[in-house]
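Dear colleague,

I am handing over the structure below, and I would be grateful if you could look at it alongside the notes that follow. They begin with the chain as a whole and then turn to the cores, the charged pairs and some individual side chains.

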Amino acid sequence: MLEVEWISHSTLTEVVLLAMAFVLSAVIGVERQRRLKSAGLRTHTLVGLGAAVFTLVSAYGFKAMIGNDVILDPSRIAAQIVSGIGFLGAGVIFVRQNAVAGLTTAASIWVTAAIGMACGAGMPILAAAATGLHLCAVGVLGLVAKYVRPTQQEKAVVLQYTEGYGALRTILAASTDMGFEALVTDTRKVERPGSETRVHATLRFRSANGSPESLMEKFADVPGVISARVEERYAD
């Protein structure tokens, strides 16, 4: 019969490593919580803690079974963590109207699991360094990204036009001729008694070389267009 050893010579080490995984994962979770992300403090803390527990169990949990005929491979559980965490990360990625959100949070969950694994594997310095670099990536690099010139400029335009003049068809054709990639993401009709039906449409225009100013000038010449409001965005 297998005897259970409640406290071993490695118990204190295991507890310390587990506590460090908890703290480092919580640090990442606080940063995500401050940005009001879908996966915040509790999620990141639990991911890091769970990864650390799995790794500790893999490293220390089966020592009593090791014998001449039994060989353990601690890396097997680690490999399962890497593949399994992808399902959780995919749950925070959303695609709405051709726009992707949640990629950074999903990557943050993935890194948090790696930090928990590093703690469980007895590499706390590596885990601490990874936490610091993660904060640098989401903080400092986020500021640097604002000054990086994009290769493609994207314009999100909210149009208001009168139905029946073929304004949208004319705009799409003219934009294509000018080298813009055009995409209609939303349309909404506004009917008023005794007046012509108006349409509010949201379009995205992307181009590497096209002039946004010339695009807006083209809108002004299209029959039926009432107004156009521009929001500048950049392609990933």
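**Notes on the predicted model**

Among contacts (heavy atoms within 4.5 Å) in the protein chain between residues at least 6 apart in sequence, 70% join residues at least 24 apart. This is a predicted model, in which local features need pLDDT of at least 70 and side-chain atom pairs count only at pLDDT 80 or more, while totals for chains, interfaces and linings use all residues. Residues are numbered from 1 along each chain as its sequence is written, and side-chain values use heavy atoms, with hydrogens and water left out.

**The chain as a whole**

The secondary structure comes to seven helices and six strands, where helices (H or I, at least four residues) and strands (E, at least two) are DSSP runs numbered from the N terminus. Read from that end, the elements follow the order α-α-α-β-β-α-α-β-α-β-β-α-β. Of the 236 residues, 30% count as buried; here buried means under 20% relative accessible area, exposed means over 50%, and partly exposed lies in between, with a 1.4 Å probe and protein chains only. The accessible surface comes to about 15,200 Å², and 60% of that area belongs to carbon and sulfur atoms; the areas come from the Shrake-Rupley method with a 1.4 Å probe, and for residues only the protein chains shown count as cover.

**Nonpolar cores**

In soluble globular proteins, nonpolar side chains tend to be buried together. For this model, a nonpolar core is taken as a set of buried Ala, Val, Leu, Ile, Met, Phe, Trp, Tyr and Cys residues joined through side-chain atoms within 4.5 Å. The largest such core has 14 residues, and those with the most contacts inside it are L159, Y161, I171, L203, F205 and F219. Strand 3 (153-162), helix 6 (167-177), strand 5 (198-207) and helix 7 (212-220) each supply at least two of its residues, with the largest share, four residues, coming from strand 5. Leaving aside neighbours within four places in sequence, Y161 is in contact with A167, L168, T197, R198, V199, A201, G224, V225 and I226. A second, separate core of eleven residues includes V47, A51, I85 and M117.

**Salt bridges**

With a salt bridge defined as a side-chain nitrogen of Lys or Arg within 4 Å of a carboxyl oxygen of Asp or Glu, the count comes to three. K189 and E163 meet in one of them, at 2.8 Å from N to O, and this pair links distant parts of the chain, with K189 in strand 4 (residues 181-190) and E163 in the loop between strand 3 and helix 6, 26 residues apart. K189 counts as exposed at 52% relative accessibility, whereas E163 is partly exposed at 35%. Salt bridges that share partners also join E31, R32 and R35 into one network.

T112 lies in helix 4 (residues 103-120) and is buried, with a relative accessible area of 0%. Apart from its neighbours within four places in sequence, T112 is in contact with S25, I28, H44, V47 and G48.

T55, found in helix 2 (residues 41-60), counts as buried at 11% relative accessibility. A polar atom of the T55 side chain lies 2.8 Å from the backbone oxygen of A51. With neighbours within four places in sequence again left aside, T55 is in contact with I81, M117, G120 and A121.

**Cysteines**

A search of the whole structure finds zero disulfides, that is, pairs of cysteine sulfur atoms within 2.5 Å. C119 is buried, with a relative accessible area of 0%, whereas C136 counts as partly exposed at 34%.

With best wishes

Key. A polar contact is a pair of N or O atoms within 3.5 Å; within protein, one must be able to donate a hydrogen and the other to accept it, and residues adjacent in sequence count only if both atoms are side-chain atoms.
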